[in-house]
Amino acid sequence: MRTKAEIGNSEWFGGLPKGWNMVPLSALFRFSKGLSITKADLIKTGKPVISYGQIHSKQNIGVEVRETLLRRVPNDLAGETSPSRVLSNGFVFADTSEDLEGCGNNVRNDLSHALYGGYHTVVLNPRRDFNSKYLAYLFTTDAWRLQIRRDLVDVKLFSVNQTSLNETYAVIPPMDVQKSIVSYLDERCAAIDEDVAKRREVIEKLKEYKKSLIARVVTKGLDPTAEMKDSDIKWVDQIPSNWQTSKLKALFQITKRIAGVEGLTVLSITQDGIRPKDFSTGKGQFAETYSHYQLVHPGDFAMNHMDLLTGWVDISRYEGVTSPDYRVFSVRDLAVSNPSYYLYLFQMCYLNRVFFGSANGVADKGRMRLQTNAFNNFVVPLPPLEEQKRIAAYLDERCAAIDEAISRQEQLIEKLGEYRKSVIHHAVTGKIDCTEA
């Protein structure tokens with residue numbers, strides 16, 4: 001049987017450059033568990049702590065701690081001698097992941113003071129001097145993480161524990177080379193990150209423009225010169241003079257048809273719309289039986305009204321069933337109401353939190369709910385049917401163009417991310433000479 005070092009050489013690193021050594025992580029770090037805390041232990045002030053949720057955050061780039069990732073715990077839970085204390089240049093690894101890609105996610109403590117590993121974390125504190133930022137870059141690579149992931153391919157729970165980390169190896173160049181690699185990567189990655197940040201700003205502006213466009217058109221119409229009148233809708237000041245208003249119960253009928261049988265397609269209401277539930281990922285909640293779920297037919301509206309912060313509403317393209325806690329409804333009269341127009345209006349009410357004015361719950365707890373009575377009595381604009389159709393067609397065209405522009409930016413960001421990973425891989429594996437780069 002080959003040793004782990006031999007596996008490391010042949011499968012993830014290749015040949016070692018002259019003067020580079022492959023060193024077990026156990027020789028570089030002391031390992032310990034994070035604090036045994038729960039979300040209930042978190043407070044607004046106290047000792048800084050970082051848990052697995054923040055480590056898996058998209059904001060975490062691994063090589064430095066961002067303030068937005070830190071949470072706080074009481075001082076009595078985080079003592080100076082706690083083994084969960086992460087010293088400067090130490091690391092915190094998430095010990096679980098929902099997918100294989102997240103196995104190995106970590107963050108380096110680049111702060112001048114200690115912090116603490118939180119729940120579901122493994123703490124690594126340095127045993128000796130080395131350039132921790134070089135290792136932070138190394139730890140981001142898929143090549144290094146192969147050592148962890150190769151044993152996790154056929155498991156459902158992706159666990160990265162002290163044992164699995166203890167058995168991994170790191171490639172350590174001479175100290176001057178480590179410094180050159182870090183300087184090179186700092187410069188290259190900063191340029192890439194700046195480009196990505198600008199593209200994310202463009203995406204956010206496009207999303208804001210799309211949101212404002214929908215809000216304006218579904219409440220004011222397409223003619224900017226149209227005569228306006230005061231509205232009896234509390235969230236719309238004026239509407240075109242030829243429009244009416246209506247309560248939703250006059251336009252839509254809530255239906256609740258329990259399936260009574262198994263084997264139907266289970267539908268999830270996501271921010272991307274209504275989709276068949278993907279059971280293969282193991283993510284999300286599962287029911288013991290789906291026979292008590294309610295039927296959804298193509299053309300039905302379905303909305304998660306239980307959580308207006310993260311919920312959504314869509315028109316189903318599928319025949320299936322969804323949670324009995326959700327709201328399924330349909331247009332009463334197609335001669336009065338155009339489904340596409342009202343879908344834009346409903347989704348705008350989610351995005352702009354218009355429903356909050358009629359909801360019950362606590363916003364900062366994420367449990368704002370639009371109860372049945374509030375939904376039925378919610379007042380909305382009622383343009384003439386032909387104008388509803390024109391608005392829907394206009395928004396279909398404009399939103400498709402905006403979505404395409406957003407997609408282009410997202411594709412470029414993805415390519416930049418792959419390029420960044422490639423740059424880091426080639427630098428930390430000695431494929432390029434960073435002392436001359």
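Biologist: What gives the most to the lining of the second largest pocket?

Modeller: Quick caveat: this is a predicted model, where local features need pLDDT of at least 70, side-chain atom pairs count only at pLDDT 80 or more, and totals for chains, interfaces and linings use all residues. Residues are numbered from 1 along each chain as its sequence is written, and side-chain values use heavy atoms, leaving out hydrogens and water. α7 (175–220), β18 (273–276), β21, α9 and α11 (385–428) each bring at least two residues to this lining (helices, H or I over at least four residues, and strands, E over at least two, are DSSP runs numbered from the N terminus). The top contributor, with 7 residues, is α11.

Biologist: How many residues line the second largest pocket?

Modeller: A pocket here is an open set of points on a 1 Å grid over the protein atoms alone, where a 1.4 Å probe fits and protein lies on both sides within 12 Å along at least five of seven lines; lining residues have an atom within 4 Å of a point. Nearest the centre of this one sit Lys210, Gln271, Trp312, Gln347 and Asp403.

Biologist: In β21, what is the bridge partner of Ala302?

Modeller: β20 (residues 301–303) runs antiparallel to β21, joined by 3 bridges. In that pairing, Ala302 partners Asp314.

Biologist: How many residues are between β17 and β18 in their hairpin?

Modeller: Strand β17 (residues 267–270) and β18 pair antiparallel over 4 bridges. Within that pairing, Leu267 stands opposite Pro276 in β18. The residues between the two hairpin strands number 2.

Biologist: Why is one side of β2 and of β8 left without a neighbour in the sheet?

Modeller: The other open sheet has 4 strands in the order β2-β10-β6-β8, paired antiparallel. β2 (29–33) and β8 (106–108) stand at its edges, so each has just a single partner strand.

Biologist: Last one: how far apart are the closest N and O atoms when Asp186 forms a salt bridge with Lys133?

Modeller: The whole structure has 16 salt bridges, each being a Lys or Arg side-chain nitrogen within 4 Å of an Asp or Glu carboxyl oxygen. Asp186 and Lys133 make one of these. The pair links distant parts of the chain, 53 residues apart, with Asp186 in helix α7 and Lys133 in helix α4 (residues 132–139). For the closest N and O atoms, the separation is 3.0 Å.

Notes: Pairing = 2+ DSSP bridges.
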